[in-house]
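Look at the model first, then read on.

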Protein chains: 2
Amino acid sequence: MDLRRLRYFIAVAEELHFGRAARRLHISQPPLSLQIQTLEQELGVALFERAGHRISLTDAGRELLPRARLVLAQAEAAKTAVQRVGRGESGALELGFTGSLPFTPVMPRVLHDFRRAYPGVQLQLRELSTREQIERLTAETLDVGFFRPTRHELLEQLETRVVLREPLLLALHADNLLARRKRLPLAALAQEPFILYSRSVSTGLHDQILALCLKAGFAPRIVQEVHEMPTIIGLVAAGVGVALVAASMRQIHVPGVVFLPLVETGVATDILLAWKRGPASPALRNFLAIALSQTK
Amino acid sequence: MDLRRLRYFIAVAEELHFGRAARRLHISQPPLSLQIQTLEQELGVALFERAGHRISLTDAGRELLPRARLVLAQAEAAKTAVQRVGRGESGALELGFTGSLPFTPVMPRVLHDFRRAYPGVQLQLRELSTREQIERLTAETLDVGFFRPTRHELLEQLETRVVLREPLLLALHADNLLARRKRLPLAALAQEPFILYSRSVSTGLHDQILALCLKAGFAPRIVQEVHEMPTIIGLVAAGVGVALVAASMRQIHVPGVVFLPLVETGVATDILLAWKRGPASPALRNFLAIALSQTK
DNA sequence: ATATTTGATATGTTATCCATATCATCCTGG
DNA sequence: CCAGGATGATATGGATAACATATCAAATAT
């Protein structure tokens, strides 16, 4: 049984006239008659009653008609669905991000634009540490990820682009005397209790800030390590200590927390978009196109 | 898009190996590769990821697989359903019957046997007058009918078979003095109020009984005409009069009604099975085979 | 390094499908 | 009642598509 034959059958069943049906199918009448005969032979059942020049459906034909329509419609639906996936208009995309990313301007904008452009794609958002993202990206259990720079041996298997560079700000409690200043040199923090990113999870920021402090002439007195940037804000508000955070953390309004720029220039952290090298799925290509077009 | 290609695709998607899939499909490997390529071209999407010697499904392929299975399964279901109808194991059958038929031994037995033999056939039962049945049978809005003999010009377009011949009994009220007798001659009813079948609806019985009475030497005093036999029983119970009914009306047990055989022999009524001449649907053929096999 | 496996390519053969031409039958109108 | 038109079936040749055998290129395994 062939989809073509089913289509032919439907045409004849609807027109109840071989000639008209053939015209509608853009073929001539004889092959249409033959195809119907073949179908009937194949099924072992007469589908049409040929009484003189008037034809009508048999019981078997009446049984087949709606079923044939169904099969054809679902074949058509399968085709368009597959093509949508092929064009990246449908499908699924798993997106990783670290805790600070939702507060940056870039990730919300990318998500918004992509969702509007490709509403058929299921975006799965997963808050994951930088390391987890890298591991899952290489293992292809994650399609694309937002995180900040770090060191990782698997990074070379990934493609990365900087999508935003934002300054690091000093976050400290309003009660701290230093909070009255407009800006501060890093060295002013030499005696302050320091909240720092965990060495194992946020290697990049940990190392970057340690290096900055050493360059400023002191080793920070680390009183707490945290995994994610937003956590820091809470700790600062609780008076645990001071910290360096990305500028977009200012989005988090917590009473008692003051953000101050550093005197030093060029102290900043990048936000990266990363995905695995090699052939990208259509949905991923579309996502990258939108995400990267906004960072020119 | 072709059902064959979908079948091929499913095989490759399940085996993830062109060679094994080809063996399973009983074709050689090259045409299988070509068919998959053709399908991919047709859809404009890659369905398999050919990384070296290991192939895997693309997103589009994963989208297609369940849909292809569905289309194929439904095509298969359509095929078997149509063949079932073709063999008369399925489909619909409209059966007409007059009010007295459910009380005869023949109709319940035929229905029971047919339902057991062909449970897939939808049997629509319609209580219709003899005349309506004949008209609908010729118009092919009824497939087959049970009724008693009658005269009708359309009858010649129908095929009829006698499936049961049952005696006519006298039905009268227990209070009637005649009810004490074991049997009665028809002439004994000469003075009794007579309930008769309607001339217009049950022409056959009407004429038959009138003729019998005349032969017995009297014209019945008709006090009531009815359309259906069971109605008579109620009227007899109510003391309206006496009537001649088929023997199977004894099935209806109503207090006060007595059934007596006639002295005359050979006073009987036939039950007919009727259907339209010409090619019968498979379901009808099977029904007739069962109905007629029981009346040998 | 070599043998084996695997999917792609090349080519000839066969089967299928379609179009033109024609036929048989039925219906319609004069 | 008969001729003409209409309708579906049949016959036949040509184009297309599907298949098998043979072969190749690349990757994996021993």
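## The DNA-facing surface

By class, the surface near DNA strand C holds seven nonpolar, eleven polar and three charged residues. Nonpolar covers Ala, Val, Leu, Ile, Met, Phe, Trp, Tyr, Cys and Pro; charged covers Asp, Glu, Lys and Arg; the others, Gly among them, are polar.

The model is predicted: local features need pLDDT of at least 70, side-chain atom pairs count only at pLDDT 80 or more, and totals for chains, interfaces and linings use all residues. Residues are numbered from 1 along each chain as its sequence is written, chains are lettered from A and ligands numbered from 1 in the order written, and side-chain values use heavy atoms, without hydrogens and water.

| Residue | Distance to phosphate oxygen |
|---|---|
| Arg5(A) | 2.8 Å |
| Gln35(A) | 3.1 Å |
| His17(B) | 2.9 Å |

Now the protein interface. Here 27 residues of chain B contact 27 residues of chain A, with contact meaning heavy atoms within 4.5 Å. In chain B, Met1(B), Gln74(B) and Val82(B) lose the most area to chain A, together 21% of what that side buries. Buried area is the accessible area (1.4 Å probe) that two parts lose on being put together, summed over both.

Key: A polar contact is a pair of N or O atoms within 3.5 Å; within protein, one must be able to donate a hydrogen and the other to accept it, and residues adjacent in sequence count only if both atoms are side-chain atoms.
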